[in-house]
Each structure stands twice: as structure tokens, then as C-alpha cells.
Amino acid sequence: MALTIMASAGSFAAISTLLGSPVLGAFLIMEAAGVGGATLSLVALPGLLASGIGALVFIGLNNWTGLGDFSLALTSVPPAVDPTVATMAWALAVGAAGALLGWVIRWIGLSLRPVVHLNRVLVTAVLGLLIGLTAMAYQLISGQSFTQVLFSGQSAMPELVEHAADYSVGVLLLLAACKTFVYGLSLSAFRGGPIFPAMFIGAVLGIAMSGLPGMSLAPAIGMGIGAMCAAMLRLPMTSTLLATLLLGADGLSVTPEVVVAVAVAFVVTSVLPDPAPKGPPQLPA
């Protein structure tokens, strides 16, 4: 039990540091692990304490300088708007679109897994080359940086939202397609987490849909991020919190739309067929 508590506390601290919020890290761990009742008291309290101590390392204490704080909130947030009937209706479409994109990503990754197992080194190298070519093609066609496709999206997302008006719908759709394809390839053979790529694709999806009648940029981004996170993580509470915390002060105003988009994405993802291929991989003789 002591080892379990120590490991859980370390997981709390690590995820809280990554996401920039001890509360968000606690939500993610508890929802993913299904922790509740007496176990919650044993695991959550040491975990929150470890997260708080970890935060001191980055923030600092008195005259001691920290490593620099990190916040999940965007540096430039679109102006907040009150929920409308139109945005609530569009939340249904965004949730369904996020679920479908998530299914495509998982289908690509799971379909390629048997091929990866046949020859991990060779196939991984080929997939890496294909990922690089996709990023290069995006830069040549769109004129935007290849880093938006190549990396997780954690550092590129604030700049994308800040300069959202500079992107045409065509470029945004191309970015979403390239990122979806590369994300699926990466899931099949490379190490990495599902959170930030899903958030980035959700932001791209939201910006692309923000020009629709009755839609605004802030709720569109929140709905897109929430829907994609729900589709990939299958954790509706954490997905809602991720989207609202990202928008900072505007998070409260867009919460109703985000909740609808997350709920739709979660339900649609649950009813879609399993994207995993049938049968074990066939190894060469």
C-alpha cells in the first residue's frame, strides 16, 4: 500500500507539472483510475501534497527563485460571449465531429500496430519519414511552419489562437487533416501522450468553425478542445476542465457549450464501432 501511495503521489506531481494545475492533475488521475471512497482519501491527499510541493519548485518560495511557472491558459484569449441558442446547437455538431476525428486517429494507430510488430525498427523509421514528409508538404502548401504538424502542439497552440484571423479555412482544414494523419501514425509506433495533440486538433477544428453563422471564436475553441479530448481520453470531466481552464477568465462563460460538446463526443465515441483490427498480428515465418 505504501508503494502504491508513493507511486500515485509521483504521478499526481508529474501530471500536475505537465498540465500546470494540481487540481487538473488530480481530476485526471481520479477519473482515469476510478478512485473513490476510502481509496480516494489515501491516494488523493498525498498526491495533492506532492503536487503542491512540485509547484513550489517551479514558482519559488520567498527569495528562492523557481524554475519558472507554467500555466495551461492561453496567452491571448478571444473575447468572451454569452451562450446563445446558435452556439448551443453548434456544440452538437462540434461534439460529433470531434468523435469522428478521434475515431479516425485511433483507427490509423491501431491498424498500423500489427505492421509495426512485424519489424519495429524498419517500420518505425518509415513512419518517421512519412511524418516528416507530411509536415514538409503542409509547410510548402500553406506557408505556415512545419512545427505545427511535427510536434505535440503544446507550444504552437497559443500562437495559433492569437493569429487565428490569419488562417484561411482551407489552411485550417489542411492542418487538421495533416495533424490527424500524423497523430495516428505516431500512436502506432512512437511514445507520447494523447492530451496536447488532441487539444491542438480541437483548437484547429474550433477556429475553422468559428466563422459559421451564430458561432464565436471563444466558444468554438473551447468546444473543439473539449470534444477532441473526450474522444481521445474518454474522460468527460477532465476534458471539460481542460477546455475551460485553457480559456482562462473566459472559461466560465463557455462552459455550457463545452459541456454539450463533450457529452456528445463521449456518447458518439461510445457507440462507434471499435477501430481495433480483428485478430492477432501475423509474424513472418
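1. Two residues are taken to be in contact when heavy atoms of theirs lie within 4.5 Å. On that basis, residues 24 or more positions apart account for 76% of the contacts in the protein chain with a separation of 6 or more. The model is a predicted one, in which local features need pLDDT of at least 70 and side-chain atom pairs count only at pLDDT 80 or more, while totals for chains, interfaces and linings use all residues. Residues are numbered from 1 along each chain as its sequence is written, and side-chain values use heavy atoms, with hydrogens and water left out.

2. As to the overall make-up, the protein chain holds twelve helices and two strands, where helices (H or I, at least four residues) and strands (E, at least two) are DSSP runs numbered from the N terminus. Read from the N terminus, the order of elements is α-α-α-β-β-α-α-α-α-α-α-α-α-α. Of the 285 residues, 42% count as buried, the term standing for under 20% relative accessible area, with exposed over 50% and partly exposed in between (1.4 Å probe, protein chains only).

3. Helix α4 (residues 85-118) has 34 residues, which at 1.5 Å a residue should span 50 Å, and its end C-alpha atoms are 52 Å apart, which agrees; the expected span is 1.5 Å times one less than the number of residues.

4. The buried residues of α4 include T87, A91, G95, G98, G102 and I105. Among the elements that cover the buried residues of α4 are α5 (120-142), α8 (169-189) and α12 (251-271).

5. T180 belongs to helix α8 and is buried, with a relative accessible area of 5%. The side chain of T180 reaches the backbone oxygen of A176 at 2.7 Å. When its neighbours within four places in sequence are left aside, T180 is in contact with L101, V104, I105, I108 and I201.

6. L130 is placed in helix α5 and, at 33% relative accessibility, counts as partly exposed. Although L130 and V182 are 52 residues apart in sequence, their C-alpha atoms are 8.3 Å apart in space. Not counting residues up to four places away in sequence, L130 touches F181 and L185.

7. Helix α11 (residues 236-246) is largely enclosed by the rest of the structure, because eight of its eleven residues are buried. These buried residues are T238, S239, T240, L241, L242, A243, T244 and L246. Just after α11, G248 takes a positive phi of about 60°.

8. R234 deserves a look in the loop between α10 and α11, where it lies. Its phi is near 60°, a positive value in a residue other than glycine. Most residues other than glycine have a negative phi. R234 counts as partly exposed, at 39% relative accessibility.

9. On the rings, the charged end of K179 sits over the ring of F200, 5.1 Å from its centre; the rule requires NZ of Lys or CZ of Arg within 6 Å of the ring centre and within 35 degrees of the ring normal.

Conventions. Polar contact = N/O pair within 3.5 Å; in protein donor to acceptor, adjacent residues only side chain to side chain.
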